[in-house]
Number of protein chains: 2
Amino acid sequence: MKYTASEIISVGTELLLGDIINTDAAFLARELAALGIPCYYQSVVGDNPARLQATLKTALSRSDLIFLTGGLGPTADDLTKETAAAVMGKTLVLHEPSYARIRAVLQKRNLPETENQKKQAMLPADAVVFDNDYGTAPGFAMTAQTEDGEKTMILLPGPPRELEPLYTERVRPYLSTATEELFYSLNIGMYGIGEAAVDRVLSDYMENGRNPTVAPYCGEGEVRLRLTSRGKTEEECRALCRRVAEEIRFISCEPYRPGVLNDYIWGIDCESVQEALVKTLRGQHLTISCAESCTGGYVAKRITDIPGASEVLSGSFVTYSEETKKKMVGVKAETLQTHSVYSAEVAKEMALGCRMTVGADIGIGITGVAGVDDAVVTKNGESVTIPAGTVYIACTDGKTTAVERLELSPGRRAPLEAREYVRRRASTHALFMALRMAEKR
Amino acid sequence: MKYTASEIISVGTELLLGDIINTDAAFLARELAALGIPCYYQSVVGDNPARLQATLKTALSRSDLIFLTGGLGPTADDLTKETAAAVMGKTLVLHEPSYARIRAVLQKRNLPETENQKKQAMLPADAVVFDNDYGTAPGFAMTAQTEDGEKTMILLPGPPRELEPLYTERVRPYLSTATEELFYSLNIGMYGIGEAAVDRVLSDYMENGRNPTVAPYCGEGEVRLRLTSRGKTEEECRALCRRVAEEIRFISCEPYRPGVLNDYIWGIDCESVQEALVKTLRGQHLTISCAESCTGGYVAKRITDIPGASEVLSGSFVTYSEETKKKMVGVKAETLQTHSVYSAEVAKEMALGCRMTVGADIGIGITGVAGVDDAVVTKNGESVTIPAGTVYIACTDGKTTAVERLELSPGRRAPLEAREYVRRRASTHALFMALRMAEKR
């Protein structure tokens, strides 16, 4: 590996004021980790040349690869490039191809050309330029011999929707060339198993020096594994990742959880459980409908996040009251009375009812207590307390109906966040149950 | 003002690996800006004493108030406190009240007491302790005379759901005392006007030295204003904010936008447009129902985000296909044929239909093209192209029905983000329309 230490410097007063969250640093940090390049520092500094210069000098004394994000725009307070070039002993010259690109973008948007715009195309003569298809300011890399040795700086535009694709399409290949190796990543999404259990059952795969590297990330009850391989060709890298992904499927989770890891995997190279569900439903020519109480449309919203959802979902219900549960999806008054609204039986009738009403292949019913306060309901004429976080989820294909009871604990979250946590977890659980049912058809 | 320069240091390897996004720094930066304490640097460093020590020394040379977040936990790699205390020349002693609190939490969770847990209660003898009601590790402030002058460090636990309430409840009052002034903030939420227009019409209020200060934040078509006043008593501060908030309502938006700012305000001291809507509906004893096509449940999901939503929403529909638009909310086949599914007429019938079916006071109908590809539909027997981002939103109370057509441009976003952008904007617009209708009743 050519680079032994890297760091990320984000430039922008809006970051220092907390107006925006620094997602760029997290994105680049993850990418550097995937490439196996150690990153020891991140910093944020305002659009102030003196403070930026001091920050850059400190960075050069301890890192050989420095990422700079933000401050490449056309206005007078965008000074990242000028300051960094000066520290690296470079002069900026007009980069004609970049200037032509900027002019073309302005023309397309019917904006006038101004001298300011030219500023964005001023780059060091020996820079490696990263053409920006998502905005006007190009990114670039520059390398110089300094008193601390050979140093590389990579400057990228700040907006995440420019930086992220620009990195993926141009910078990652550049770093791969610079390191004479190719990198390839594969993501595995899991649900129903915690990070601690995954850590333990995959400890062999997570040892240093393995190829691919295996790293878990977690959030809201979902664990993601990222496999990153390195090699001479993309085929070789992909094959390495694929082979290990196949091995991982059959790793036993005992004694931490029952079964093998495959039981918890919702997707390989798939962004979300809803994407996996929509893909599977489309592949099997199946449709789905939901009757949602406590999740209030969250499951339908997540399914319709995915392009192509219209092939698998034609209609869905939010049945928040007992009235609408009866009227919209045919839950029986007797069932509500005997078992109470928070019950496996009601969830089951909701699932069966929405499936029938819409004429879908799979029906989902969800009823539960999303808030932070326990609910008191009448069950067979008696008052019963149902703890906050109790959710019943039913999933049916008309022949088989599965019902699961969750007891979700939002911990010490504030009320609104606790509510979001319970609703998000419940909707993820429902999507996962539907996925498993669709796969079995 | 006692503090002339502050900075924020976040400690944690998970930040350096990009596993988590640094929301703590943005939160504290916003708070420091609200207090008028300049913040010139943010940095992230791993759980490494040597690198943290170097970072702290640099910070002491340039700032007099230093926030440290993360690394206060019970495990051996949590070294923030030990390192910071050493740099400040402080010795850690057992803080009995904190230890008692930790033991109580462990007892409640049925966890054994370990020597590690004691580590969390070791604090400098002269520390100002911030009791943590949201986790085990207490926060604290320590002040020392260093060769660079008097310096204060404030150490807080890393998890945002501990840090944020702990800051608000304990640290903000502490800083207010230290600065011999009280601070008070008031948020104003707006929709339908851009940040640039708000900047211009409120330029007088944004001048330096005003009390309260007025700062705009923007995101996804919503602009928020934050008013922060300072004074001797809370009543004085609150009155100052309230008075300026009242003035701001009647500021003309001409020539940038029609009307006055009040036309765009959805709430004062209110977290979200859905919160404003649910509050208003509850206050007016009104109920609402939606028939959502392209938003696929997003509006219902946002309404049910709010505790108490069950009083205002009993049932709602996702009618994604033409079939379910007819079957579930009674859109006429003829309307679909004559005007096409993407039309003001269909949105109107969806709004009227869901209102009638559920028996709600207000009905919302949404139909449009959420994807990045234009849609081709049949209208009166002819093929018509509807551009991506075209959304029709109808809102009715049975007597009056308003229909609006949006042309949302997701810019150069990636497909999934473009979809989310259009759906989020459309749902915000629908919530805002419903709010205005509810207010007029």
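1. Two strands are taken to pair if DSSP finds at least two bridges between them. In this predicted model, five bridges join β14(A) to strand β14 (residues 315–319) of chain B, and the two strands run antiparallel. Within this pairing, A:F317 stands opposite B:F317 in β14(B).

2. The contact between the chains draws 57 residues from chain A and 58 residues from chain B. On the side of chain A that touches chain B, the elements giving two or more residues are α2 (23–35), β2 (39–45), α7 (160–178), α11 (298–303), β14 (315–319), α12 (322–329) and α15 (415–440) of chain A. Sorted by class, that side of chain A has 28 nonpolar, 17 polar and twelve charged residues.

3. Helix α3 (residues 49–62) of chain B has 14 residues, which at 1.5 Å a residue should span 20 Å; the C-alpha atoms at its ends are 20 Å apart, in agreement with that expectation.

4. Which residues of α3(B) are buried? They are B:L52, B:T55, B:L56, B:A59 and B:L60. Seen down the axis of α3(B), the buried residues fall within an arc of 140°, so they line one face of the helix. An α-helix has 3.6 residues a turn, so residues three or four places apart point the same way. On the other side of α3(B), B:A50, B:K57 and B:S61 are exposed.

5. As to the surroundings of this face, the buried residues of α3(B) pack against several elements of chain B: the strands β1 (6–11), β2 (39–45), β3 (65–69), β7 (139–146) and β8 (149–156), together with helix α4 (80–87).

Key: Residues numbered from 1 in each chain as written. Chains lettered and ligands numbered in written order. Predicted model: local features only at pLDDT ≥ 70, side-chain atom pairs only at ≥ 80, totals over all residues. Helix = DSSP H or I, 4+ residues; strand = E, 2+ residues; numbered from the N terminus. Expected span 1.5 Å × (residues − 1). Buried ≥ 20, exposed ≤ 12 C-beta atoms within 10 Å, placed from the backbone. Arc of directions from axis to C-beta. Contact = placed C-beta atoms within 7 Å. Nonpolar A, V, L, I, M, F, W, Y, C, P; charged D, E, K, R; others polar.
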